[in-house]
Amino acid sequence: LSVALLSLTACGNDDDKTTDDGQKDTAQTIRFKLNFADYNAEQELEATRTASRRDTIKQQIVNLGNGLVALMTLERDMEQLPKQASTRALTNDTYTMLAYDAATHDFKGEVTGTVSGGVFTATSANKYIRLAPGNYDFVCFNSKVTRSGNTLTVARANAGEALIGRTTQTITATPLLQEVPFTMLHMGAKVRMKITGYRAFSGVNATLSSVGASVPGTLVYDAATGTQTTGSGASMSASLTFGSSSDTGTGTHIGYSGQETFFVPGTNVSGLRLTFTSGTIYHRNMANSALTLHPASPIILQQNGAYVLNVKLVYSFLYLMSDGTTGFINKTIFGGGTK
């Protein structure tokens with residue numbers, strides 16, 4: 001009798017893993033391995049191939065009207081490239097795993113759980129999804145993402161913490177144990193501000209705001225197909241504090257904002273304005289000076305991207321050109337002109 005009971009128990013355990021029709025139980029036979037990609041991780045290899053390590057996207061010159069000119073450059077934030085491996089451990093949170101047929105996009109099930117050591121463990125009442133051998137899309141997201149059916153929504157306020165990972169995997173009848181790897185990506189893009197000058201500056205504060213309701217308030221992600229769109233525009237405003245500058249030892253002084261501003265991917269930087277509320281440089285008052293970004297061609301912030309908006313403040317000098325004429329910096333090759 002004991003031998004018979006042991007045999008029945010063994011058969012019961014096997015049934016929990018693979019059904020008679022060959023379906024896999026994700027809780028028993030599929031190991032979900034999750035990694036976390038740092039900002040700009042996809043640019044790491046490209047950056048190591050360039051001597052400057054600066055991916056300049058656009059430079060724009062703005063006359064502040066108080067004897068100063070601002071040269072604005074939006075760049076990839078190379079200082080925030082991964083220093084070691086391109087992935088690191090996920091933060092403690094609740095994660096939801098969805099499964100879809102890769103061909104038909106039919107929904108196959110969901111489980112909710114936690115991640116420890118990069119391994120997903122189901123904790124919800126439905127702790128597994130049964131899958132027949134075939135191709136599947138797996139989608140995983142954390143608690144900063146709101147779900148309604150197949151629609152995942154990320155609010156701009158959560159863009160800095162929202163994570164979504166997607167992978168396509170072929171589930172086979174054998175071997176019994178299989179692994180599905182994920183790379184979780186930030187669903188937002190972050191921007192930090194930098195001021196550069198040729199003299200020390202202090203007491204600088206500013207506001208980064210939208211030009212009207214021009215900044216998308218949400219990102220909408222279709223879990224079934226993997227497509228994403230930006231939601232309707234909304235107003236935003238973020239206070240920035242720079243404090244006093246630091247001397248680089250090369251004749252320039254720099255200062256970074258103590259805050260980072262997060263946006264959903266698809267945000268057009270043309271919808272942003274930087275307004276100084278206080279500060280002094282070159283003995284000139286910076287308060288109420290405003291810079292509106294208006295590049296010649298659209299610049300769209302990308303998912304999982306980190307950027308620096310560098311504002312270089314210089315005197316509004318007259319320059320002597322090589323052809324004997326004079327003009328301001330916007331007439332020079334450096335400033336985007338031809339002389």
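How many nonpolar, polar and charged residues are in the lining of the second largest cavity? By class, that lining has seven nonpolar, no polar and no charged residues. Here, Ala, Val, Leu, Ile, Met, Phe, Trp, Tyr, Cys and Pro count as nonpolar, Asp, Glu, Lys and Arg as charged, and the others, Gly among them, as polar.

A word on what you're looking at: this is a predicted model, where local features need pLDDT of at least 70, side-chain atom pairs count only at pLDDT 80 or more, and totals for chains, interfaces and linings use all residues. Residues are numbered from 1 along each chain as its sequence is written, and side-chain values use heavy atoms, with hydrogens and water left out.

**The chain overall**

- You get three helices and 30 strands in the chain; both are DSSP runs numbered from the N terminus, with helices (H or I) needing at least four residues and strands (E) at least two.
- Of the chain's 339 residues, 42% count as buried; buried means under 20% relative accessible area, exposed over 50%, and partly exposed in between (1.4 Å probe, protein chains only).
- Take the contacts in the chain with a separation of 6 or more: residues 24 or more positions apart account for 69% of them. A contact means heavy atoms within 4.5 Å.

**Cavities and pockets**

- Rolling a probe the size of a water molecule over the atoms shows where empty space is left.
- On a 1 Å grid over the protein atoms alone, a cavity is a set of points where a 1.4 Å probe fits but cannot get out, while a pocket is an open set with protein on both sides within 12 Å along at least five of seven lines; lining residues have an atom within 4 Å of a point.
- Grid points are joined across faces, edges and corners, and a volume is the space filled by probe spheres set on the points.
- The count comes to two cavities of 30 Å³ or more.
- The second largest cavity holds about 50 Å³ of space, and its lining is made up of Leu74, Val191, Val269, Leu272, Leu293, Leu301 and Leu309.
- The second largest pocket holds about 170 Å³. Ten residues line this pocket, and Thr91, Gly160, Glu161, Leu163 and His186 lie nearest its centre.
- By class, the lining of that pocket has two nonpolar, four polar and four charged residues.

**Nonpolar cores**

- A nonpolar core is a set of buried Ala, Val, Leu, Ile, Met, Phe, Trp, Tyr and Cys residues joined through side-chain atoms within 4.5 Å.
- The largest one has 35 residues, and Met193, Leu274, Phe276, Leu291, Val311 and Leu313 have the most contacts inside it.
- Strands S4 (68-76), S15 (189-197), S16 (202-210), S21 (237-243), S25 and S28 (306-315) are the elements that give two or more residues to this core.
- There's also a second, separate core of 21 residues, which includes Phe120, Leu163, Ile171 and Phe182.
- Leaving out residues up to four places away in sequence, Leu313 touches Leu64, Val69, Ala70, Ile195, Thr196, Gly197, Tyr198, Ile281, Tyr282 and Met286.

**Aromatic pairs**

- The structure holds eight aromatic pairs; rings of Phe, Tyr and Trp (its six-membered ring) pair if their centres lie within 6.5 Å, and planes under 30 degrees apart count as stacked, over 60 as edge-to-face and the rest as tilted.
- The Tyr136 and Phe138 rings have their centres 6.3 Å apart and their planes at 45°, so the pair is tilted.
- Both partners are buried: Tyr136 has a relative accessible area of 6%, and Phe138 comes in at 1%.
- Tyr282 and Tyr315 form a tilted pair too, 4.6 Å centre to centre with 35° between the planes.
- That pair links distant parts of the chain, 33 residues apart, with Tyr282 in the loop between S25 and S26 and Tyr315 in strand S28.
- Tyr282 is buried at 5% relative accessibility, whereas Tyr315 is partly exposed at 29%.
- Ring pairs also link Phe32, Phe120, Tyr136, Phe138 and Phe182 into a cluster.

**Backbone spots to check**

- Thr174 and Pro175 are joined by a cis peptide bond, with omega about 0°. Pro175 is in the loop between strand S13 (163-171) and strand S14 (178-186).
- His105, a residue other than glycine, has a positive phi near 65°. His105 sits in the loop between strand S6 (95-101) and strand S7 (107-116) and is partly exposed at 32%.
- Tyr282 has a positive phi as well, near 55°.
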